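Morning, everyone. Let me put it up.

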Amino acid sequence: MKSQCHRITVIILCLLLSHSSGSAPNSHTVCIVGSGIGGASVAHFLRHYSSIQSQVIDRVTIFERNGVVGGRMATVTISGETFEAGASILHPKNYHTLNFTKSLNLSVNDPKNNEDTFSLGIWDGHKFVFKTLSSNSKLPIVQRFVSYVNSIILCLRYGFSLYRMNAFVEAMINKFLKYYDVFESRPIFESVEMMLKWAGLYDLTTHTLGKELVEVGLSPLLIQELVTVITRINYGQSVNISGLAGAVSLAGSGGGLWSVKGGNWQMAAGLIDRSDVQLLLNEEIESISKLGDFYELNSTLGKSYSCQVTVVATPLDELNIRFSPGISIPPRKLQHTHATFVRGVLNPVYFGLKEVKDIPELVGTIESADVPFSSISILKQHDNDMTYKVFSRHELADDLLDKIFSVREETIKINWGAYPHYHAPEQYAPFILDDNHLYYVNAFENAASTMETSAVAAENIARLILSRLYAQVDLSSPNLKSSSIDLSEKHVDL
């Protein structure tokens, strides 16, 4: 009885507020659960698109269960230096995040190019089945020569399959670029399936990456070695992931990759700052209920909030948010990636080598029960040791780390519920979780999970919200405006 009275009171208050003299006659309130790139992008696009169409979004509130913004974009500090701990790299054709970075006046780290001379080794748990050359020389002519020789080495091992792989990735990218078309030629999508079919990407999600690559003529050796190394690094999974996720993973191994200086989380922080958002940190939402024309959101702090529109911009897979009425989404498992950061020295004996300098700068791995990690990469070289990042599917015990490393000065372990566990054919949660205004940005993650795909999905959600709130929409393609923002108080390291 007490609960019913409370709900009736909330409805009455909401109705009074919606008709109060201080509100615009057609204003709307939006609640967003999650402050990662998805949630921040929804807030940004809602504000931007509604402003150019004179459509009023009265209040936008973002709820973040942690004490910092950014979601799966986060940094870690080891031995006084800061490195990306979560989502790390961006593609040169990630146009939303490129625009965010430019408009927020953020600096970027120098893009990785195809002439970078870092060495690659593919480890099978007992030996390196493949290695490229390395060079410590900083002379451009030497770097170009080593890069040229490594290209020859790769071609000799994998042959024309390398070109077929690049063509497969480029075909996917060209289809993905349709999501940046002007509004006149780009519809608003009410489902992930519609969005993928329109771009010609849906079929890639119905087969595994391995099957897709066999069909385009890649050799079994390339799939077993280099492709597997890439999917294990980028998604912690094998070539049995769906074809689109696999193609996105392969795209993340090319040249021109970039990141934001000081941490990619600054994009989310900047968008939130610029979007006139009420940001509530350390506020975890435990229930979302539909009450008349409003949604009531209850937090673990015992507080209640009411909004006409609610956007879930965080994966629901490992959260316990209660929905009333209930929602129906396909079951999905998250793939956990364990990121272990070590300041120290690798043990050459573990790799069957004599000296540390013989260990490649990037150690990739194939699918084998004998391999306890997915990859080991050098983040920074110091005078007498290095900072490494180790990816694995399970936490690495200290006794195993003491075998892999001869010296460990500092170690930090992070367990990420990083992305979906992909399989084909994929199934998708709806963008619209009910018949009203409850939306789910992360439904698109079953197609592919990156910072850019989150922004692309968020942009569509913003357009979808406005199109359903207002009878007519005529959103023309806008140009993002630049601004200078102080981000220092929006984030701290893990």
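Start at Q381, which sits in strand 15, residues 375-381. Strands here are DSSP runs of E, at least two residues, and helices are runs of H or I, at least four, both numbered from the N terminus. This is a predicted model, so local features need pLDDT of at least 70 and side-chain atom pairs count only at pLDDT 80 or more, while totals for chains, interfaces and linings use all residues. Residues are numbered from 1 along each chain as its sequence is written, and side-chain values use heavy atoms, with hydrogens and water left out.

The cut-offs are under 20% relative accessible area for buried, over 50% for exposed, and partly exposed in between, with a 1.4 Å probe and protein chains only. Leaving aside neighbours within four places in sequence, Q381 is in contact with E361 and M386. Contact means heavy atoms within 4.5 Å. R343 is 38 residues from Q381 in sequence, and 9.7 Å away C-alpha to C-alpha.

A nonpolar core is a set of buried Ala, Val, Leu, Ile, Met, Phe, Trp, Tyr and Cys residues joined through side-chain atoms within 4.5 Å. The largest one has 125 residues, and M172 and V311 have the most contacts inside it. Helix 12, residues 451-469, gives the most to this core, with 11 residues. M386 belongs to a second, separate core of 16 residues, which also includes L346, V390 and L401. Back to M172. Beyond four places in sequence, M172 is in contact with L201, L204, L244, A247, V248 and A251.

Next, helix 10, residues 265-274. Eight of its 10 residues are buried, so helix 10 is largely enclosed by the rest of the structure. The buried ones run from W265 through Q266, M267, A268, A269, G270 and L271 to I272. They pack against several elements, including helix 2, strand 2, helix 3 and helix 12. Just after helix 10, D276 takes a positive phi of about 55 degrees.

Now a charged residue. E225 is found in helix 8, residues 220-235. E225 counts as buried because its relative accessibility is 5%. What does E225 touch, not counting residues up to four places away in sequence? I122, V129, F130, R157, Y158 and I366.

How many cavities of 30 Å³ or more does the structure hold? Two. On a 1 Å grid over the protein atoms alone, a cavity is a set of points where a 1.4 Å probe fits but cannot get out, and lining residues have an atom within 4 Å of a point. Points are joined across faces, edges and corners, and a volume is the space filled by probe spheres set on the points. The largest cavity has a volume of about 90 Å³. Its lining includes D317, R332, Q427 and Y440.

Last, the whole chain. There are 12 helices and 18 strands. Of the 494 residues, 53% are buried. Among contacts between residues at least 6 apart in sequence, 75% join residues at least 24 apart.

Technical notes: On a 1 Å grid over the protein atoms alone, a cavity is a set of points where a 1.4 Å probe fits but cannot get out, and a pocket is an open set with protein on both sides within 12 Å along at least five of seven lines; lining residues have an atom within 4 Å of a point.
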